[in-house]
Amino acid sequence: MHIALLSRNRNLYSTRRLVEAAESRGHSARVVDTLRCYMSIASHHPSIHYKGAEIEPFDAVIPRIGASVTFYGCAVLRQFEMMSTYVLNDSVSITRSRDKLRSLQLLSRKGLGLPITGFAHSPDDIPDLITMVKGAPLVIKLLEGTQGIGVVLAETNQAAESVIQAFMGMKTNIMVQEYIKEARGADIRCFVIGDKVVASMKRQAAEGEFRSNLHRGGTASVIRITPEERSTAIRAAKAMGLRVAGVDLLRSNHGPVIMEVNSSPGLQGIEAATGKDIAGMIIEHIEKNAALPRKTPTKPKG
């Protein structure tokens with residue numbers, strides 16, 4: 001097969017590993033800079049041009065679209081879909097998962113475990129918003145934040161009120177969540193491919209830090225997940241319509257709760273922690289599914 005990787009940086013670990021895995025299985029792989037693609041939107045011959053020429057046909061596309069280029073990246077991906085190219089994760093699924101509030105609403109609709117989450121517009125509603133999520137300590141998150149950036153732990157109601165007021169004053173969209181203290185600064189990343197959790201790791205926050213992201217100094221180790229956690233991760237990926245996803249869970253006193261569903265999960269941490277060839281598993285999934293009749297895993301509703 002001829003596979004395209006939509007990525008802005010060919011030197012990123014995940015991009016390199018996917019290229020290596022594809023080539024080791026006899027496929028050709030080309031890294032395509034998402035922002036250098038431009039489109040001819042026509043009824044009979046939709047096409048994508050790249051660096052001055054029409055791009056060659058691909059059998060499959062692996063989107064590695066960064067959060068900062070979600071809008072344009074998904075437009076490019078939609079164009080590939082219009083050209084009947086198999087895409088690993090489709091544009092609707094990625095757009096859903098990147099909108100933190102929308103994704104939580106979709107997961108809530110499916111009855112999946114979530115931390116109590118509040119969202120409001122008016123500063124007048126802040127006191128009730130804080131009460132809604134069981135009071136401080138609580139977590140305040142930017143809707144557009146990634147890798148732990150834009151996440152604040154407010155230790156007191158007064159601190160929470162001040163931070164929320166500041167964000168609202170800057171016209172910044174935030175959500176407020178209950179703090180799951182029994183998780184003790186740890187979360188579980190479940191890596192889902194198709195309808196299976198193929199690997200999982202525990203991410204532990206650094207000393208004095210509550211965010212477990214590896215980019216924030218967290219450490220990763222192998223963990224055995226429960227059947228309930230496995231089922232939750234698979235159902236969460238399916239609710240988003242993602243074929244490949246990183247589902248982040250917390251262990252709460254009332255079972256697993258979902259923090260986020262990531263449509264472009266990094267490979268470095270999970271491969272290092274588990275020793276598994278996750279990149280190879282992704283290519284194997286494409287081999288099994290790219291030749292099947294085109295069927296989007298998402299539904300128009302939501």
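Let's start with Met 201, whose bridge partner in strand E14 is Val 222. Keep in mind, everyone, that this is a predicted model. Strand E13, residues 196-204, runs antiparallel to E14, and 4 bridges join the two.

Now zoom out to the sheet around that pair. There are 5 strands in an open sheet, ordered E14-E13-E12-E15-E16, with antiparallel pairing. Which strands stand at the edges? They are E14, at 219-222, and E16, at 255-262; each has a single partner strand, so one side of each has no neighbour in the sheet. From one strand to the next, the twist averages 30°.

On to the helices. H2 covers residues 70-82 and H3 covers residues 91-98; their axes are 9 Å apart and the packing angle is about 160°. Since angles over 145 degrees count as roughly antiparallel, that is how H2 and H3 are oriented to each other. Who meets whom there? From H2 we have Thr 70, Cys 74, Leu 77, Arg 78 and Glu 81, and from H3 we have Ser 91, Ile 94, Thr 95 and Arg 98. Sorted by class, that contact holds 3 nonpolar, 3 polar and 3 charged residues.

You'll have noticed a cysteine in that list, so how many disulfides are there? The count is 0. For Cys 74, the closest cysteine sulfur belongs to Cys 37 and lies 13 Å away, which is too far for a bond, because a disulfide needs the two sulfur atoms within 2.5 Å. Is Cys 74 buried or exposed? It is buried, at a relative accessible area of 1%. Cys 190 counts as buried too, with 0% relative accessibility.

Note on methods: Residues numbered from 1 in each chain as written. Predicted model: local features only at pLDDT ≥ 70, side-chain atom pairs only at ≥ 80, totals over all residues. Heavy atoms only, no water. Axes fitted to C-alpha atoms, helices over the stretch in contact; angles between N-to-C directions. Parallel < 35°, antiparallel > 145°, perpendicular 65-115°, else oblique. Contact = heavy atoms within 4.5 Å. Nonpolar A, V, L, I, M, F, W, Y, C, P; charged D, E, K, R; others polar. Buried < 20%, exposed > 50% of the residue type's maximum accessible area, 1.4 Å probe, protein only. Pairing = 2+ DSSP bridges.
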